[in-house]
Amino acid sequence: MTQTSVRGASTPTHGRPASGHDPLRERLGRLLTGAVGTIAMTLAAVIVLGTILAGQEFLSTSNIAIVGSFVAVPIIVGTFAGFSLLSGVVDLSIGSMVGFSAAAYASLTQAGWGGWSAAAVTLLLCLGFGVLNAVAIVTFNADPIAATLGMLTALRGLCRVLTGGSGAITAFNDQFYEFTNKSFGPLPLLFFISLVVAVLATVVVTKTRLGRHIRAVGGEERAAQRAGMSVARIRYGALMLSAVGAGIGGILYIGQLGGASNTTGMGLEFQVYAALMIGGYSILRGGVGNPSGGVMGLLVVAGVSNLIDLTGVNTYFTNLIVGALLLAAVFLDRLRGGDAYE
Amino acid sequence: MRRVGRGPGRRVLSLVAVTAAASVTLAACGGGSTSSGSSDGSKTLTIGMAVGGQPDVDWQKAQGDVARALAKQRGWNYIELSNNGDAPTATKNVDTFIQKKVDAVIEFNGQPSVNPVMAKKLAAAKIPTITYDIAQQGWYFVGIDNKAAGEAGGKALGEIAKSKWNCDVDLVLSAEGKAAGPVNEARTGGMRTGLKSVCPDIPSDKYVSFESNGQVSVAQPAARDALAAHPQAKKILVVGINDSGVVGALQAAEQLGRADQIIGWGQDGSLITGANVNPHLAGSVFYFLESYPTYTFEQILDKIAAGQAPPVKDTGEDPAVKIQPCPVSAAEAAKVPGTSERVAQLAKAPKGKTALDLFCPAQSG
Amino acid sequence: MTTTSLQAPPSGRPDGLLRARPDGWGTAVTVALAWLILIAASSLHSSDFFSHQTVLAVTFTMAITGVLAVGESLVALSGGILDLSLPTALVLPAYLTTVLLDHHVPTAAVVLLALLVGALWGALNATIIVFGKLNPIIVTLATNFAGLAALFLIFQAAQTPQASGIRQFGKGYFLGLPNIWWPMVVLIVVVGLLIPRTRYGRRMTAVGGNAGAAKARGISLPRTRYAVFIASGVCGGLAGLIFAASNASFTPNEGAAFLLPVLAAVILAGISLQGGRGNLLLLLLSVGFLSTVPTSLVFFGLNSDWQIVFQGLILIIAVSIDGHRQRSARA
């Protein structure tokens with residue numbers, strides 16, 4: 001139930017006793033072996049270690065707020081981008097899309113547009129770019145990595161054009177800032193919203209027919225096609241979702257950060273995809289991955305970084321640990337049935 | 001193929017073990033915080049410093065090193081975080097400083113578009129903040145007046161153009177660094193202003209900009225293209241955001257066979273010393289960025305510790321601490337010591353001795 | 001078609017020698033035509049464009065990209081998809097060159113050592129790929145990450161000694177064109193001619209076309225991976241030498257900017273990232289065209305931000321055309 005791979009080459013779907021008798025211990029075992037289980041264990045380990053090394057401060061409300069505020073936008077962007085991964089297409093342009101969206105939204109609001117209309121236009125533009133990605137990748141069969149790298153470049157250029165000679169647009173809005181920075185009980189509101197989004201996405205991915213179709217298209221493209229699913233339509237939709245998610249992220253950044261710069265979103269794709277892979281997705285094959293795994297992946301990385309900040313260790317080590325986690329995740333993915341590269 | 005039970009359980013356990021081992025090792029190796037020990041009756045402060053985080057620029061790390069040494073000198077606590085050149089990280093660092101209840105924050109934020117938000121948070125927490133080089137309302141401004149630094153360099157270059165070519169210049173190239181935002185406008189724009197003050201009759205269409213990103217490898221091809229587009233220009237000046245941008249253009253001219261037609265003046269002093277100075281780099285402007293903490297501690301933080309916080313002066317025109325730029329010609333530059341030597345001297349310099357006193361040839365004679 | 005899945009499509013194309021026309025004829029004509037149109041349009045807009053100065057500007061830009069593109073093409077051709085450790089593969093030998101020259105090591109030794117370091121870097125990549133059986137994209141991404149982190153620990157800025165032979169070589173000319181351009185041309189021509197005409201080249205291409213079938217035919221996959229990634233590393237070594245010779249002052253992260261132009265050049269040359277298809281000789285055309293674009297844009301008066309937008313668009317269009325051609329070839 002927790003293993004979302006359609007391939008079935010790994011543990012859970014095989015080996016179920018024919019009699020239907022399914023002892024709790026075995027189900028628990030399957031839970032723990034899956035991608036989500038592994039990352040959940042890792043997150044638990046980080047929390048335990050954080051409490052040991054940084055004390056009470058680690059789980060204090062203010063500290064959770066720090067980490068939560070930092071990962072809120074990446075969670076939203078990553079959840080939407082995860083749909084694209086599930087359908088078998090990696091969209092590398094999400095970071096630049098965030099930058100473009102932030103710059104576009106900031107430009108519009110500074111030119112006098114109201115917040116909602118500016119947001120609508122910005123998201124429409126992002127949707128358009130998502131369609132461009134889809135046209136190249138789905139209709140023209142372009143290699144997704146190369147095509148979205150091209151879009152990454154083009155959008156970064158547009159972001160620079162929009163931010164102009166000074167390289168930044170200030171767009172501080174009191175209301176928007178309050179919204180993105182206020183709390184909802186013990187958690188930051190934005191963090192809470194991002195978690196809700198991730199939960200909804202998890203439900204879609206694991207429980208709905210749409211989710212099954214997306215995973216099928218990503219996991220076994222030919223089989224899905226024979227079963228009558230429209231691979232093209234699903235991938236179009238997934239790429240459009242990915243673009244819109246990045247667009248939403250860019251707009252939210254304006255609220256959180258009060259402005260856009262020509263480097264907004266730079267490197268975000270790396271942060272997001274590293275976390276998604278640590279959380280069980282694969283950028284090399286579709287059909288595997290679960291939004292809740294992605295959230296936990298992001299929390300693990302942010303948690304480690306926060307721990308390093310709190311304990312005064314040289315921040316250089318953050319990169320090392322993320323790299324190690326990434327390699328571990330890729331290894332585990334292979335053990336779980338991913339293609340061995342020869 | 002069943003792999004439940006011991007297999008995956010062992011894997012998970014090993015992952016936990018690795019993380020645990022790594023963390024314990026890190027904790028043992030860690031050490032950005034120094035412990036306290038009061039000295040002369042004034043308060044023991046906890047200083048939070050956010051360094052820029054750009055890995056290939058040694059002065060950002062040097063700023064942290066000098067600050068750490070000065071805090072240690074005073075027996076204060078010191079927390080250093082890196083802004084990583086990233087706006088969300090800079091905001092997160094501010095949140096962390098607030099949580100850690102620091103007494104003052106020093107910021108070098110390469111993404112100043114997010115400064116207003118950070119200022120709001122720090123003001124709400126009533127934490128005095130000092131900013132290096134990039135002005136923000138409400139923050140003590142410590143820095144080079146980038147405009148003045150630009151103008152000083154531009155003027156020096158103008159003087160050379162006047163004596164050599166009588167200001168009859170065919171082309172003025174500007175190596176921009178747009179990612180630096182307002183610093184680029186002030187510094188590179190300032191160089192043009194300084195040049196114009198000496199050679200006002202150069203027509204505006206002779207001023208051509210190209211993007212250098214502050215790097216030779218980006219400046220060189222861009223300058224090549226710009227030079228190729230102006231093949232008739234025989235007397236060419238180059239200004240830019242830093243030495244690398246300017247040297248990129250100088251080397252581009254060499255590649256196009258036009259080495260003797262070009263003269264440049266740089267900024268930041270990074271390529272004006274040593275054995276490989278480009279012969280057409282007439283000079284540069286030192287800022288001694290690593291010395292900022294010296295001014296910060298002596299003129300602001302010591303006073304805050306003694307309960308007499310100075311008034312907050314937050315603009316480049318009227319700053320809390322204005323640091324004079326040190327323009328040097330190529331010949332004079334040989335007298336200036338390298339960065340690590342300067343850091344070492346600053347860490348043990350007596351109070352009141354500034355970097356300009358110690359290192360600037362014009363000042364120290 | 002899944003991202004970079006190695007469920008390799010059956011290519012079913014006969015070996016190169018049996019075809020009447022050289023491989024990639026259509027692509028060659030397209031790129032050459034695009035290049036000519038660009039030159040014509042730029043020259044019409046500004047008479048200064050058609051000049052020796054422009055030729056120098058473009059050829060200097062071609063040199064490093066072209067050498068790196070050979071390495072990436074070999075990786076792509078053999079089914080290794082991409083070597084994303086290009087930035088480190090460039091800067092590491094370049095840094096070593098400056099250090100060796102500072103210690104007055106003779107030029108011949110410096111060249112050999114730079115190439116050797118490049119080869120070792122490639123071997124490192126290959127070892128992790130072969131023994132971990134991991135996808136090269138992930139591996140080279142990770143090694144690049146680690147490599148850059150290591151480089152940052154070692155140095156912040158490096159300079160090539162002005163008086164050194166290598167620096168003087170980087171400044172000089174041969175037959176009116178930059179010295180550093182010629183090794184690039186020789187490399188592309190030699191490798192491009194040898195690939196379809198030697199057993200090793202054909203085997204490598206076969207592995208790219210269908211690794212499973214190649215393995216069944218007895219071709220050693222690990223040996224191919226080692227050969228290809230070491231070759232890519234050696235190209236990085238040569239590019240690093242050229243970089244040190246011509247750029248002369250650099251920081252560790254200045255290699256990253258080459259990744260996109262190189263990738264665009266490989267794809268524009270019709271060398272498919274899926275592997276098994278492509279003619280390296282076309283790199284001369286694609287690198288030339290892509291190096292002319294920024295210069296043209298300057299003559300047209302567009303600033304560098306728009307250059308970046310155009311670069312991105314060109315890549316998307318090129319890769320769409322390539323994908324479309326791939327699909328029609330299989331249909």
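Two residues are in contact if their C-beta atoms, placed from the backbone, lie within 7 Å. With that in hand, here are my notes.

1. First, the ground rules. This is a predicted model, in which local features need pLDDT of at least 70 and side-chain atom pairs count only at pLDDT 80 or more, while totals for chains, interfaces and linings use all residues. Residues are numbered from 1 along each chain as its sequence is written, and chains are lettered from A and ligands numbered from 1 in the order in which they are written.

2. Let us start with chain B and its helices on strands. Helices (H or I, at least four residues) and strands (E, at least two) are DSSP runs, numbered from the N terminus. Helix α7 (residues 216-228) of chain B lies across β6 (171-176) and β7, at about 145° to β7(B). Helix α5 (residues 146-165) of chain B covers β8 (236-240), β9, β10 and β12, and runs at about 160° to β10(B). Axes here are lines fitted to C-alpha atoms, for helices over the stretch in contact, with angles from 0 to 180 degrees between N-to-C directions.

3. In chain B, six strands form an open sheet with mixed pairing, in the order β7-β6-β8-β9-β10-β12; strands pair if DSSP finds at least two bridges between them. β7 (207-211) and β12 (326-329) of chain B are the edge strands, each pairing on one side only. On average, neighbouring strands of this sheet are turned by 20° against each other, direction ignored. Within the sheet, β9 (residues 262-265) and β10 (residues 281-286) of chain B pair in the parallel sense over two bridges, and Gly264(B) stands opposite Leu281(B) in β10(B).

4. A helix pair in chain A is worth a look too. Helix α3 (residues 61-86) and helix α8 (residues 189-207) of chain A pack at about 20°, their axes 8 Å apart. That angle makes α3(A) roughly parallel to α8(A) (under 35 degrees counts as roughly parallel). Residues meeting here include Gly68(A) and Ala72(A) from α3(A), and Phe191(A) and Val197(A) from α8(A). By class, this contact has 10 nonpolar, four polar and no charged residues; Ala, Val, Leu, Ile, Met, Phe, Trp, Tyr, Cys and Pro count as nonpolar, Asp, Glu, Lys and Arg as charged, and the others, Gly among them, as polar.

5. Finally, the meeting of two chains. In chain A, 37 residues are in contact with 38 residues of chain C. The largest share of the chain A side, 14 residues, comes from α6(A). That side has 21 nonpolar, eight polar and eight charged residues.

Technical notes. Parallel < 35°, antiparallel > 145°, perpendicular 65-115°, else oblique.
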